[in-house]
Amino acid sequence: MQAANRLQKALRTGSGLSFGAWQMLPGSNVARAIARSGFDWVVVDTEHGNIDGIAQERSQQIRELTPYVDGAMHEAVAAIAACAVSPIVRIAANEGWMVKRALDAGGNDFPITSLSALPNNVLIN
């Protein structure tokens, strides 16, 4: 999936010009439709988007037992990468395990905007 990192390629070529979009609704079909629209990267927003990883049809009991399940994020990242577009995951909280899960899913970059120990708006890649 590293071959699909069009954002880093654009930044390394010197032009630095790339175009992207934000996915705030869950669904691999949504991710594929956005990725096929000619963008270089797509941000899967699990912080402010509706991509909490828990399918909407799951019961309240399952939600209480598993407070964070990231299946929707995994599906979106895979769909975006399959279209040779850079998947970028905006994690829901500043937790190391969330970054690890996004890396496991195949995310290329991770904007982190509210760390107290680092300057704001850091991009981990």
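In this predicted model, Ser28, Ala31, Arg32 and Ala35 of helix H2 meet Glu75, Ala76, Ala79 and Ile80 of helix H4. The two helices belong to a protein chain with five helices and five strands.

**Packing of H2 and H4**

- Helix H2 spans residues 28-35 and helix H4 spans residues 71-82; their axes lie 8 Å apart.
- The packing angle between H2 and H4 is about 30°. Angles under 35 degrees count as roughly parallel, and H2 and H4 are therefore described as roughly parallel to each other.
- The crossing in which H2 passes H4 is right-handed.
- On the H2 side, the residues that meet H4 include Ala31 and Arg32; on the H4 side, Glu75 and Ile80 are among those that meet H2.

**The chain as a whole**

- Read from the N terminus, the order of elements in the protein chain is α-β-α-β-α-α-β-α-β-β.
- The protein chain has 125 residues, of which 39% are buried.
- Contacts between residues at least 6 apart in sequence include 48% that join residues at least 24 apart.

**Thr46**

- Thr46 is located in the loop between strand S2 (41-45) and helix H3 (60-65).
- The relative accessibility of Thr46 is 7%. Buried means under 20%, so Thr46 counts as buried.
- The side chain of Thr46 reaches the backbone oxygen of Arg90 at 2.6 Å.
- Thr46 and Ala93 are 47 residues apart along the chain, and their C-alpha atoms are separated by 8.8 Å.

**Glu47**

- Glu47 is likewise placed in the loop between S2 and H3.
- Glu47 has a relative accessibility of 27%. Partly exposed residues fall between the limits of under 20% for buried and over 50% for exposed, which is why Glu47 counts as partly exposed.
- The side chains of Glu47 and Arg90 are joined by a polar contact of 2.8 Å.
- A separation of 3.7 Å lies between the C-alpha atoms of Glu47 and Ala92, residues that are 45 apart along the chain.

Terms used: Residues are numbered from 1 along each chain as its sequence is written. This is a predicted model: local features need pLDDT of at least 70, side-chain atom pairs count only at pLDDT 80 or more; totals for chains, interfaces and linings use all residues. Side-chain values use heavy atoms; hydrogens and water are left out. Helices (H or I, at least four residues) and strands (E, at least two) are DSSP runs, numbered from the N terminus. Buried means under 20% relative accessible area, exposed over 50%, partly exposed in between (1.4 Å probe, protein chains only). A polar contact is a pair of N or O atoms within 3.5 Å; within protein, one must be able to donate a hydrogen and the other to accept it, and residues adjacent in sequence count only if both atoms are side-chain atoms. Contact means heavy atoms within 4.5 Å. Axes are lines fitted to C-alpha atoms, for helices over the stretch in contact, and angles run from 0 to 180 degrees between N-to-C directions. Angles under 35 degrees count as roughly parallel, over 145 as roughly antiparallel, 65 to 115 as roughly perpendicular and the rest as oblique. A crossing is left-handed if the near helix is turned anticlockwise from the far one by less than a right angle, and right-handed if clockwise.
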